Amino acid sequence: MGTTCPRRWERIVTSAAVARTHAPSLLPSAEPLGLLRLDGSIDSGSELSMPSDEVLSTLHRRIVLGRRFDAQATALTKQGRLAVYPSARGQEAGEIGAVMALREQDWLFPTYRDSMAVVARGVDPVEVLTLLRGDWHCGYDPYEHRVGPQCTPLATNALHAVGLAHAAKVKGEDTVALVMLGDGATSEGDTHEALNFAAVWKSPVVFFVQNNGYAISVPLAKQTAAPSLAHKGIGYGIPSMLIDGNDVAAVYAAVNKAVAAAAAGGGPTLIEAITYRIEAHTNADDATRYRDRAEVEFWLQRDPLDRIRRHLVDRGLLDDEAIAEIDAAAEAEAATLRERMNVDTQLDPSDLFRHVYAEQTETLRRQAADLAAELALSKE
Amino acid sequence: MTTVAEPAVRPMANPSPVTMAAALNRALADALHEDERVLVLGEDVGTLGGVFRVTDGLAAQFGENRVFDTPLAESAIVGTAIGMAMNGLRPVVEMQFDAFAYPAFEQITSHLAKLRNRTRGRVALPIVIRIPYGGGIGGVEHHCDSSEVYYTHTAGLRVVTPGSPADAYSLLRQAIDSPDPVIFLEPKRRYWSKESAPLTQSDLRLDQACVRRAGTDVTLISYGGALGTALEAAEAAEDEGRSVEVVDLRSLSPFDDATAAASVRRTGRAIVIHEASRFCGYGAEVAARLSEQCFHYLEAPILRVAGFDIPYPPPNLEQHHLPSVDRILDAIDSLQWQETGARRATVGA
C-alpha cells in the first residue's frame with residue numbers, strides 16, 4: 001500500500017495536468033468558421049482550407065440535385081406516395097458537403113433526415129425512399145456504398161459508427177466513420193457515450209452535428225446551456241470545430257480535415273455546423289406553431305445554394321448555360337424518380353417472417369403458414 | 001393416438017472440479033483461440049477478469065486488443081459491439097449484472113434484434129451478450145433481477161441459459177458461433193456449482209431443450225438457476241413415491257415446443273418453475289403453449305412455481321421469494337391426483 005498508492009496517485013495527477021495543458025486546443029472557435037461570405041466572396045482570414053475549384057463546382061451541382069430530390073420527395077408525400085418525409089431543405093451544405101468529403105472506403109451513418117446525404121453517397125433514391133414509402137425499414141444494402149441504415153432513434157447510430165471504426169482500426173483498415181446527428185440528439189446519452197468511447201479508443205470517427213435550431217419544436221435554448229454544441233467535445237478530450245453549416249466550402253473543408261486527422265490516427269473530431277431547417281420537421285408537422293415567418297425569411301437570406309452559386313459565378317466558374325444544364329439534369333432525375341415511385345409496389349407478406357433469424361424458426365414457419373392460409377382464403 | 005416415445009435422458013453428472021464460471025472461461029478461451037474475429041469486452045473483464053472471474057486470465061493470454069475493459073456505459077458497450085459486428089468481428093460482451101444491462105435496452109431491442117430484419121438479411125450481428133442474472137447470492141438491490149422475458153419478448157434475439165457447467169460450456173460455444181445475436185443468461189448462483197462432465201460441444205442444438213431426469217407422473221419444466229432446485233425437488237418427490245421428469249429448457253427463445261410437449265404428453269401433468277415474477281413471466285407462455293398443444297393429455301391444470309410479483313427482495317428476505325423444494329413439492333401435491341382415475345376412464349371411453 002505504502003509504496004504503490006503514492007505512485008499511482010502521482011500518475012493520475014500528472015496525466016491530468018498534461019491533459020489540462022492541451023485542453024484549450026480542443027475548444028471550438030468563438031465564431032463559426034466559414035470560407036464564403038454571404039455574398040459569395042472569400043473569407044481570406046479563415047483557418048479552413050479552400051477546396052479546389054473542381055470540388056466547389058461538384059458541391060454546387062450536388063446541392064442543386066439534392067434540393068431537387070428533396071422537393072420531389074416532399075411532393076411524393078403530398079401525393080400519398082410516401083408515408084412521411086423529413087425534409088432537409090436549407091441544410092444542403094451540410095448534407096452534401098459532409099458526404100462529398102468522405103472517401104470511398106469510409107462509412108456514413110445517417111439519420112432519417114439525411115436522405116439527401118444518402119443519395120449523394122450514391123445509393124439509389126428509390127432504395128433510399130423504401131423506408132419512407134413504408135415498404136420496408138431499409139431499402140438498400142448498407143455494404144454496397146458503406147452507408148448504415150437511416151436511423152430513427154436519436155444518436156444510437158453514433159455508437160455503431162464508433163464500433164465500426166474501432167473494428168477498422170483493430171483490423172488495420174484505413175476507414176473513417178462519419179455519423180450525422182442533430183442538435184436534439186446531442187442531449188441523448190448515446191451521443192455522450194459515443195464521444196467518450198471514441199476518445200478513449202482514439203477511434204477514427206467524425207461526429208457531424210447539424211444544428212438546425214430545433215428538435216421538432218424545441219429550440220436550442222431549451223436543449224442546452226452550453227456555449228455551443230461543439231464545446232461538448234472538450235469534456236471528452238475531443239477536438240471540436242464550430243462552422244457555418246450553410247457554407248458548403250466550409251463544411252467540406254472541415255470534414256475533410258477531420259477525416260484526414262482520423263485516418264492519420266488522430267482520433268475523433270466533433271463538428272457543429274450551424275444551419276436551419278426551412279421546412280417543418282416532417283409533412284405531418286406544423287412549424288408555424290413554434291416559429292414565425294420572419295425567422296424563416298432570415299434564414300432564406302442565408303441560402304446555401306445562393307452562396308456557392310454566387311461564388312462560382314463571380315469567379316467565372318459558372319455561367320447561365322451551365323446552370324441551365326445542371327437544372328435540367330436535376331429535373332430529369334426528379335422525373336425519373338417520380339416515374340419510378342408512381343407505381344404500386346407488390347409486397348410479399350411472407351417477407352415479414354424472413355430475416356428475423358438467420359434460419360426461420362419453427363414458430364415463424366407456422367405463423368407464415370397461418371398468414372398464407374388466411375390470405376388464400378380471403379382471395380377465394 | 002400419438003406415439004409417446006421414451007425420452008433421451010441427459011442426467012447432470014455428479015459434482016466434481018469444474019465450476020460453471022470455469023466452464024464459461026474455458027468456452028471463451030477456446031472461442032478466442034479458434035476464431036480471431038472473436039473479441040471479449042465489458043466492464044472489468046480485462047485486468048480483473050470480471051467481477052465473477054469468468055474472463056480471468058483471458059486478457060493476459062489473448063492481449064488487450066481482443067479482451068479489453070471499456071468505459072463504464074452499457075448502451076455504448078452493446079452499441080459499439082453492433083458496429084464491430086457490422087465490420088466483421090464477433091464480439092462477446094459482458095453486462096456486469098442483470099439490472100445494469102438496462103441502459104443497453106434500446107441498443108438491444110431496437111438495433112441488435114432488428115438489424116438483420118431491417119436490412120433484409122444483409123447485416124448479420126453475431127454478438128453474444130453475457131448477463132449474470134437471478135438471485136440467491138445475497139446480492140443487494142439491482143444485482144438479482146431475472147430479466148429473461150424482457151429479451152424473450154423481442155423477436156430477433158436468441159435467449160439461452162445454462163443450468164450446469166458442461167451445458168454452460170457447450171451453449172456458450174454455440175452462442176458465439178451463432179449467426180444471430182444471443183442473450184446469454186448466466187445464473188449467478190450456479191457459477192460455483194460443479195460438474196464432472198467433459199467440456200465439449202453437445203450434440204444438442206442451441207435451440208433445444210432436454211430431459212434432465214426421466215419420470216412418469218409429472219414434468220417439472222425449468223431453466224437456469226431454478227433448474228437445480230427442480231432436480232432436488234424431483235429427488236425428494238421420488239422418496240414420496242412420485243416419479244418426476246425434469247425438462248431443462250436451455251433455450252428460452254426460440255422455445256422448444258417438441259421436447260416440452262412430448263414430456264407433458266407422457267406424464268399428463270406439468271409445473272413450470274422460475275425465479276422471475278409470475279405475472280407475465282416466462283411460465284405464462286410455457287403454460288399457454290402446452291395447454292394449446294397437450295390439452296387432451298392433461299390430468300390437471302399446468303401450474304407455476306415462480307417468484308412473487310414484487311420488486312426483488314433484500315438479501316435477508318430473498319429466501320421467501322425464490323422457488324424452494326418445499327414449494328415445488330406442494331405444487332406437485334396439488335395436481336388433482338385423486339381425480340386421475342376418473343379422467344383416465346373418460347379419455348379411454
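Colleague: Which residues point one way from β7(B), and which the other way?

Modeller: This is a predicted model, in which local features need pLDDT of at least 70, side-chain atom pairs count only at pLDDT 80 or more, and totals for chains, interfaces and linings use all residues. Residues are numbered from 1 along each chain as its sequence is written, while chains are lettered from A and ligands numbered from 1 in the order in which they are written. Strands (E, at least two residues) and helices (H or I, at least four) are DSSP runs, numbered from the N terminus. From β7(B), B:V182, B:F184 and B:E186 point one way and B:I183, B:L185 and B:P187 the other way.

Colleague: Are the residues of strand β7 of chain B buried or exposed?

Modeller: A residue is buried if 20 or more other C-beta atoms lie within 10 Å of its own, exposed if 12 or fewer, and partly exposed in between, with C-beta atoms placed from the backbone. Six of the six residues of strand β7 (residues 182-187) of chain B are buried, so this strand is largely enclosed by the rest of the structure.

Colleague: Which strands do bridges join to β7(B)?

Modeller: Strands of a sheet pair through backbone hydrogen bonds, either parallel or antiparallel. Two strands count as paired if DSSP finds at least two bridges between them. Strand β5 (residues 128-133) of chain B runs parallel to β7(B) and is joined to it by six bridges; B:I129 stands opposite B:I183. Strand β6 (residues 158-160) of chain B is also parallel to β7(B), with three bridges, and B:V159 has B:I183 as its bridge partner.

Colleague: What order do the five strands of the open sheet in chain A have?

Modeller: The order is β1-β2-β3-β7-β6 (chain A), with parallel pairing. The edge strands, each pairing on one side only, are β1 (107-109) and β6 (240-244) of chain A.
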